[in-house]
Amino acid sequence: MFKPLVKYLWDTSHRFSARLHVYIVRSLAYDDQASHCIDAGHDYVRIKTLELCRRTIIEKNVSGCTAELGVYKGHFAAKINELFPNRRLYLFDTFEGFDRLDRMYDAQKNFSKLNDDFSDTNIDQVRRGMKYPEQCVFVKGRFPDSARGIDDTFSFVSLDADLYLPTKYGLDYFYPRLEKNGYLFVHDYFNRHYKGVKKAVDEFCDIEHANMVPIPDLAGSVIITK
């Protein structure tokens with residue numbers, strides 16, 4: 001009697017929480033650290049995947065800086081900064097919302113409806129959220145023009161540009177500069193609101209014969225590695 005009741009309550013709670021897009025999972029068997037909560041601004045699967053990639057980068061002595069293209073308010077960038085305290089973190093963004101030319105291209109191709117422009121941010125706001133702000137290099141402007149003169153390689157890169165053109169330019173720029181065993185996260189690959197991301201990634205992987213692995217984070221990201 002008791003076990004069927006527990007199972008019923010467990011299944012019911014799962015169904016209810018799933019409607020709220022909240023999922024109850026077992027603790028991570030590989031993680032011997034104390035459990036901790038992740039605030040609402042973060043994506044649990046994305047963060048834990050980043051942590052594992054960071055562990056692999058350290059174990060394999062992968063050199064190179066870190067970077068994010070498409071920073072917005074810097075929630076994910078802050079986690080990169082925290083996990084790689086001794087590495088330079090390049091933060092590429094207009095810090096004023098989507099670039100006009102990139103918006104126009106997505107609109108012409110019907111890739112996205114552009115209901116958001118993500119303009120409610122600025123460099124000072126992002127910098128205040130960083131645990132190691134001295135490691136951050138803020139690169140403001142339209143990518144890839146903003147990257148001119150930067151001569152570094154990378155161990156970890158996050159592409160979260162949402163639109164087709166900056167995603168394409170980001171892949172073209174960062175992949176050749178990605179160190180062996182480095183990781184490149186592409187956010188929103190399965191996001192139906194930003195269809196240009198998937199198109200840009202698929203075209204790039206077809207041309208470069210690059211392999212990608214999907215992960216079930218909130219936006220359906222993919223990981224590209226060498």
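**Cores, helix pairs and backbone exceptions**

Leaving aside residues up to four places away in sequence, Phe 174 touches Ala 67, Leu 69, Phe 92, Phe 143, Phe 154, Val 157, Leu 159 and Leu 184, where contact means heavy atoms within 4.5 Å. Phe 174 also belongs to the largest nonpolar core, which has 32 residues, and is listed with Phe 92, Leu 184, Val 186, Val 201 and Ile 224 as touching the most other members. Two or more residues of this core come from each of E1, strand E2 (89–93), E4, helix H6 (164–177), strand E5 (178–186), H7 and strand E7 (221–225). Another core lies apart from it and has 24 residues, among them Ile 47, Phe 84, Val 126 and Ile 215. A nonpolar core is a set of buried Ala, Val, Leu, Ile, Met, Phe, Trp, Tyr and Cys residues joined through side-chain atoms within 4.5 Å. Buried means under 20% relative accessible area, exposed over 50%, and partly exposed in between (1.4 Å probe, protein chains only).

The model is predicted: local features need pLDDT of at least 70 and side-chain atom pairs count only at pLDDT 80 or more, while totals for chains, interfaces and linings use all residues. Residues are numbered from 1 along each chain as its sequence is written, and side-chain values use heavy atoms, with hydrogens and water left out.

The chain has 7 helices and 7 strands, in the order α-α-β-α-β-α-α-β-β-α-β-α-β-β from the N terminus. Helices (H or I, at least four residues) and strands (E, at least two) are DSSP runs numbered from the N terminus. Of the 226 residues, 44% count as buried. Among contacts with a separation of 6 or more, 70% are between residues 24 or more positions apart.

Two packed helices are described by the angle between their axes and the distance between the axes. The axes are lines fitted to C-alpha atoms, for helices over the stretch in contact, with angles from 0 to 180 degrees between N-to-C directions. For H6 and H7, the axes come within 8 Å and cross at roughly 35 degrees. This crossing is right-handed, a term for the near helix being turned clockwise from the far one by less than a right angle. Tyr 164, Thr 167, Lys 168, Leu 171, Asp 172 and Tyr 175 in H6 meet Gly 196, Val 197, Lys 199, Ala 200, Val 201, Glu 203 and Phe 204 in H7.

The axes of helix H2 (residues 44–59) and helix H3 (residues 75–83) come within 11 Å and cross at roughly 30 degrees. H2 and H3 are therefore roughly parallel to each other, as angles under 35 degrees count as such. Their crossing is right-handed. From H2, Arg 46, Ile 47, Leu 50, Glu 51 and Arg 54 meet Phe 76, Lys 79, Ile 80 and Leu 83 of H3.

Most residues other than glycine have a negative phi, and most peptide bonds are trans. Asn 61 has a positive phi, near 55 degrees, and lies in the loop between H2 and strand E1 (65–69). Asn 61 is exposed, with a relative accessible area of 66%. His 209, also not a glycine, has a positive phi of about 55 degrees. His 209 is in the loop between helix H7 (195–208) and strand E6 (212–215) and is exposed, with a relative accessible area of 67%. The peptide bond from Phe 143 to Pro 144 is cis, with omega near 10 degrees. Pro 144 sits in the loop between strand E3 (136–140) and strand E4 (154–159).

Methods
Parallel < 35°, antiparallel > 145°, perpendicular 65-115°, else oblique.
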